[in-house]
Amino acid sequence: MIFRQLFDSVSGTYSYLLASRPGGEALILDPVLEKVERYCQLLRELDLRLVKAVDTHLHADHVTGLGALRDRTHCVTIMGEQSKADVVAMRVADGDRVTIEGLSLDAIYTPGHTDDSYSYLMGDRVFTGDTLLIRGTGRTDFQNGSARSQYDSIFNRLLKLPDETMVFPAHDYKGDTVSTIGEEKRYNPRLQVRSVDEYVELMNNLKLPNPKLMDVVVPANMHVGLHQEELEKQGLALSARTAIESLGRPEVLLVDLRENSERARHGTLSGALHAPYPGIDESLRPGGMLREVAAATGRRIVFFCAFGERSAMAVAAAREAGLANTAHIAGGIDAWKKAGGPVLTGSVTDGAAGR
């Protein structure tokens with residue numbers, strides 16, 4: 001496995017680059033905007049293809065690198081379903097699994113620092129965001145934070161993991177890089193409380209100053225979504241209402257870019273072909289499935305995903321590949337549902353599970 005812990009000294013942020021092999025797919029956790037060029041250089045050096053970028057929560061001390069990495073690498077951006085960010089390509093819930101080639105991370109909803117905080121468990125290690133720090137815990141006094149919720153997240157979720165589980169937080173200000181669940185149980189001063197009420201009292205009396213750039217950073221991090229207006233101007237975007245009216249028309253082929261976990265939870269559209277987004281480039285190459293279907297049928301390919309990010313990028317990829325007769329559903333299946341479009345529910349069994 002390729003594992004890199006990367007540090008931003010200005011904000012004290014740790015970012016993590018993960019991949020199962022050289023030449024393979026990669027994932028990054030909690031990227032920092034100012035370090036995006038460094039991440040891209042490292043990806044080139046290690047011969048990796050970034051396919052997913054994850055924020056553990058809406059950060060208040062640095063601008064996220066999610067949007068810039070999406071624009072540079074066409075990766076899928078991911079946050080928890082509680083996030084106030086305007087648009088990310090994929091939202092996860094407690095118990096979901098975020099996968100890339102050869103690696104899998106289990107999402108654990110751990111609110112408290114913020115109401116959208118998640119931790120991610122991968123085998124012998126857990127990425128705790130700002131919920132559990134090394135010899136500390138994330139503050140709980142803004143962004144709908146709750147010391148009571150954080151106590152539950154730490155004591156009833158994270159500390160239930162095996163003692164030998166390595167802890168990799170999103171921040172550290174003392175130079176520590178890794179701990180274990182067992183170490184934090186024994187030596188973390190904030191965890192030596194006898195009750196939830198004692199923890200709440202401790203956290204409510206920290207009286208910490210707000211992060212210096214909080215008033216700038218939080219709004220910036222809430223607006224990282226891909227701007228889809230240009231596709232609309234070019235006639236390459238269908239409104240949800242127009243897409244609903246085209247359902248079943250023989251000249252249109254709907255292509256679902258979402259992962260199986262999303263399809264199972266949120267439903268599918270009748271007659272849609274499933275072509276998960278990570279394989280879009282391969283599908284559009286000569287001999288690829290989508291290219292062959294388009295050539296054989298003459299149908300217009302209309303991509304859709306959860307919120308319109310992946311489908312907008314798929315339209316751009318199709319045009320680059322020479323397929324002009326494509327479009328996407330603006331706002332994705334989220335907009336489709338809000339417009340009253342019919343959705344099929346039930347088991348999802350077709351291919352590319354977890355991709």
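## Met79 in strand E5

Met79 belongs to strand E5, which spans residues 76-80; helices (H or I, at least four residues) and strands (E, at least two) are DSSP runs, numbered from the N terminus. The model is predicted, so local features need pLDDT of at least 70 and side-chain atom pairs count only at pLDDT 80 or more, whereas totals for chains, interfaces and linings use all residues. Residues are numbered from 1 along each chain as its sequence is written, and side-chain values use heavy atoms, with hydrogens and water left out.

With a relative accessibility of 2%, Met79 counts as buried; buried means under 20% relative accessible area, exposed over 50%, and partly exposed in between (1.4 Å probe, protein chains only). Leaving aside neighbours within four places in sequence, Met79 is in contact (heavy atoms within 4.5 Å) with Asp55, His57, Leu58, Leu66, Ala85, Val88, Met90, Arg91, Val92 and Asp116. His328 is 249 residues from Met79 along the chain, and the two C-alpha atoms are separated by 22 Å.

## Nonpolar cores

A nonpolar core is a set of buried Ala, Val, Leu, Ile, Met, Phe, Trp, Tyr and Cys residues joined through side-chain atoms within 4.5 Å. In the largest one, of 46 residues, the members that touch the most others are Leu29, Leu105, Tyr120, Phe127 and Phe303. Helix H12 (residues 309-320) supplies the largest share of this core, six residues. Another core, of 28 residues, lies apart from it and includes Ala26, Leu43, Leu58 and Ala85.

Beyond its neighbours within four places in sequence, Phe303 is in contact with Val255, Leu257, Ile280, Leu290, Ser311, Ala314, Val315, Ala318, Thr326, Ala327, His328 and Ile329.

Thr56 is located in the loop between strand E4 (49-54) and helix H2 (66-73). Its relative accessible area is 1%, so Thr56 is buried. Not counting residues up to four places away in sequence, Thr56 touches Leu29, Asp30, Asp116, Ser117, Tyr118, Tyr120 and Gly129.

Lys35 occupies the loop between strand E3 (25-29) and helix H1 (36-45), and is partly exposed at 27% relative accessibility. When neighbours within four places in sequence are set aside, Lys35 is in contact with Phe7 and Asp8. Lys35 and Phe7 are 28 residues apart in sequence, and 8.9 Å apart in space from C-alpha to C-alpha.

## Packing of helices

Two packed helices are described by the angle between their axes and the distance between the axes. H1 and H2 pack at about 40 degrees, with their axes 10 Å apart; axes are lines fitted to C-alpha atoms, for helices over the stretch in contact, and angles run from 0 to 180 degrees between N-to-C directions. The two helices, H1 and H2, are therefore oblique to each other, since angles under 35 degrees count as roughly parallel, over 145 as roughly antiparallel, 65 to 115 as roughly perpendicular and the rest as oblique. In this pair, Val36, Glu37, Tyr39, Cys40 and Arg44 of H1 meet Ala68, Leu69, Arg72 and Thr73 of H2.

In helix H3 (residues 147-156), the buried residues are Ala147, Gln150, Tyr151, Ser153, Ile154 and Phe155. Their cover includes strand E8 (103-109), strand E12 (136-137) and helix H5 (196-204).

## Positive phi values

Asp47, in the loop between H1 and E4, has a phi near 55 degrees, a positive value in a residue other than glycine. Asp47 counts as exposed, at 51% relative accessibility.

Arg135 is found in the loop between strand E11 (132-133) and E12. Although not a glycine, Arg135 has a positive phi of about 60 degrees; it is partly exposed, with a relative accessible area of 28%.
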